[in-house]
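Thanks for coming, everyone. I would like to walk through one protein model this morning, going from the overall fold to a few particular places in it.

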Amino acid sequence: MDKVRMGIAGCGDDGSIGTVHGASHRHSLDGEWELIGGPHLAMPESATELDKGATVNIPAQVPGNVEVDLVEAGLLKPLEIGEGAYQSIEYEGHRWFFRKPFKAPELKPSEKLQLVFEGIDTVAEVFLNGHSLGKTRNMLIPHSFEVGNMIRQGEENELVVRIDPVVVEGRKREGEICEKICEYSERAAIRKAAHMYGWDILPRIVSAGLWRPVYLKTVPAAHWRQVYAQTLSVDLKKHSAEVSVFSDFVVPDINLNGWKLGFSLVDDLGSRKEIKKESIFTCSAHHTLYLEDIDFWWPRGMGDAKLYKLHLELFDPHDVIIAEHQQTIGIRTVELIFSEITTEEDPGEFVFIVNGEKVFIKGTNHVPLDALHGRDNQHLDAMLSMTADLNCNMIRIWGGGVYETDAFYERCDELGLMIWHDFMFGCALYPQTQDFLEQVREEAEIVVKRLRHHASMALWSGNNENDVTHRWSPMHSKLNPNDERISREILPEVLRRLDPLRSYLPSSPYVSQKLFERGNNMMELPEDHLWGPRDDFKGSFYMNSPCHFVSEIGYHGAPCLDSLEQMIEPEHLWPFEENGKIDSQWRAKSVASFPDDSRHDSRIRLMAKQVTYLFNEQPSELESFLRASQISQAEAKKFFIERFRMAKWRRTGILWWNIRDGWPLISDAVVDYYNRPKLAYAYIKRVQQDVCVMVDEAENGRHKVIAVNDTLRDAKIDVFIESVEESNTLLTKTLTVPANGRVEVGEVPHSPICDMYLLKWQIHGASAGHNHYLAGPRPFNLEQYTGWVSQLGLEAKIPTFASASTPITIEVEV
């Protein structure tokens, strides 16, 4: 494959920006392009005679996806409705050409010009004025080409991108016995978002396109290549910190005698503090800043997420500013302390520490914003606002999707949302060939340099479930995950060079050498994904797990009626199953990759079964079924969160699955694709309050009442618990919950009848929180439960069971 020079868009490879002097300038090539395509064997490979063999010639939007363009042109029906996503299968063998004429900017003699694609999906060749610039084979990273000698400055030029079908490309390669690729083996060596081949959370749409911005970038003679600030230590009492800044720049001068580098810090009010100005004699160096009277970045709930603008100025010997650089930073330290196993004799730990303080993690998993990634930006603000509204302090970027845009990480910085970041590998044993390992190394280098400066970045994780994938076949279960080279060699080596102070977890869950040698007992995992049989949420699987931290756990919940009617056609709405056969559109939304793929039919039946654990029957009417399903999901997720919070610090965190769907689906998400929350949203918001009171399961006819406080200040609380059915008070208590602590409030009796206990509390005399506990023996009555909900005082904007005419809008203060 042709060599291509890769690079991150922006002033430097760290993804931050340059300002004023030494800044790059962008000339956008987004907007309307021409899309030409046809079966790959009939289409040419070169940029000439594009119409030869073509069956499609339509306008295209960049950023975008070919499927969206085909829908806009009337060649496909909307993919989101019913079985519409299956239409894309017909185009999996197509070769596509994107063509755009443009006028190039004029360059100064000292400037260089780069052509940047922030996202090409996936296997492609780029042509400028008929000449090949090079090839790409990774959807997940930007691609940059030097074009100064080929472009016609100030004149018309023609840019053509050929994109080849990845299903065909993937099948050209011969697989190896050590590999195990769940679902579809053609994705093994193709660096493309894995979910696009089909997953249980997103449909199969093996898309193609220029899915992120395209632009020309001018690069001045003096410019920054990297700036990276790391907090080495903090002193909370003195409000001081030690920060190391690594800078790397390019200037045309060889002799740097007399050159200086100035550092300043600008707060959110625009107040600028000069730190120092020092002589420099090399282009690449480390600088230590001692900061005083500083405010720290804290995760949500523990303090303000304070951000600063770090400003660098490069002065020549005449004290003229030649280049400037600005980077947003947060002053904080963060690390993950974890052990290899957890047993009764050796309980170990798995806990995040920020600025020297333990943090109990209340968070969620993030899956792709859209199955068609050209539309991701449309959903970003709403998703992160909802995550913050639920008082999450961490979001896990799951390894089957994409590395998000800069705007995603910037918003997490502002909201105090820590990021657990998987590298984009999931549920597979990937190729171990040298060529593939070099692809991985290049990808990791680019991604790490782009994202490492964000205050929100808390953890790199090597992959999603690759270690435990070894257990999914008899042959592979005999292989030691610690011999796998990507997570144990390539990624750690890249991080050691480029981001050495950040914590790294080889896999999630992580099968350590010690665990493997002890027989690979999953009951000894300090951190786990609790899926299992997905049965009763109070069953033994969930109750008996000894893990400290759960990073995936979920429960199905149907969407509201309005959303279901938007995604499924009227004649398919109800029932979902007749004569033992799942309706074809319910199957598509469950999520089957092909029309005849029945492997996920069980997901619909599972959701119905989960309803019966609570109510002992499956409602026969659609709206009652949706209501019962949402109740089942809401009670389950509430229970999971409470179970971990009540065991603070034996338990240290929960990342439930998941905040929002990236497609119209029937799923575990608490917000559907149309941004309509399910009942679980309201319940989670209550049990993720910083100070929360909860009722534990009964022992010997009594329930312990537990209060936790995740803030760094003591909380004096007045607790009131009453029975809905008996209309009597069960407990009143005033006590202090210590900072970042847990206390037992008291006890309430076990109810002999179906009941709901209402919990209310005040903090320092002011109204603060509400919760409830579903008391008494099962089964519960659906109509009785519906009546109880009216007494919970839920926010009116949350559609509880049936429908919401419009998606909600949530505003979150930073």
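**From the whole chain to single residues**

Let me begin with the contacts, where contact means heavy atoms within 4.5 Å: in the protein, residues 24 or more positions apart account for 71% of those contacts that have a separation of 6 or more. Please keep in mind that this is a predicted model, in which local features need pLDDT of at least 70 and side-chain atom pairs count only at pLDDT 80 or more, while totals for chains, interfaces and linings use all residues. Residues are numbered from 1 along each chain as its sequence is written, and side-chain values use heavy atoms, with hydrogens and water left out.

The secondary structure comes to 15 helices and 42 strands, these being DSSP runs numbered from the N terminus, with helices (H or I) of at least four residues and strands (E) of at least two. The radius of gyration is 28 Å, close to the 28 Å that the globule rule gives for 814 residues, so the protein is as compact as a globular protein of that length; the radius is taken over C-alpha atoms, and the rule is 2.2 Å times the number of residues to the power 0.38.

Of the 814 residues, 62% count as buried, and by that I mean under 20% relative accessible area, against over 50% for exposed and in between for partly exposed, with a 1.4 Å probe and protein chains only.

Which residues touch the most other members of the largest nonpolar core? They are Phe-408 and Phe-423, in a core of 91 residues, where a nonpolar core is a set of buried Ala, Val, Leu, Ile, Met, Phe, Trp, Tyr and Cys residues joined through side-chain atoms within 4.5 Å. Leaving aside neighbours within four places in sequence, Phe-423 is in contact with residues including Tyr-403, Trp-460, Leu-491 and Tyr-504. A second, separate core of 52 residues includes Leu-29, Leu-216, Leu-372 and Trp-663.

Turning to helix H14, residues 679-687, eight of its nine residues are buried, so this helix is largely enclosed by the rest of the structure. Among those buried residues are Tyr-681, Tyr-683 and Arg-686, and what covers them includes helix H13 (622-646), strand S36 (691-699) and helix H15 (782-789).

Finally, Ile-604 lies in helix H12, residues 601-615, and counts as buried at 1% relative accessibility. Beyond its neighbours within four places in sequence, Ile-604 is in contact with Phe-576, Ile-582, Trp-586, Ser-590 and Ile-666.
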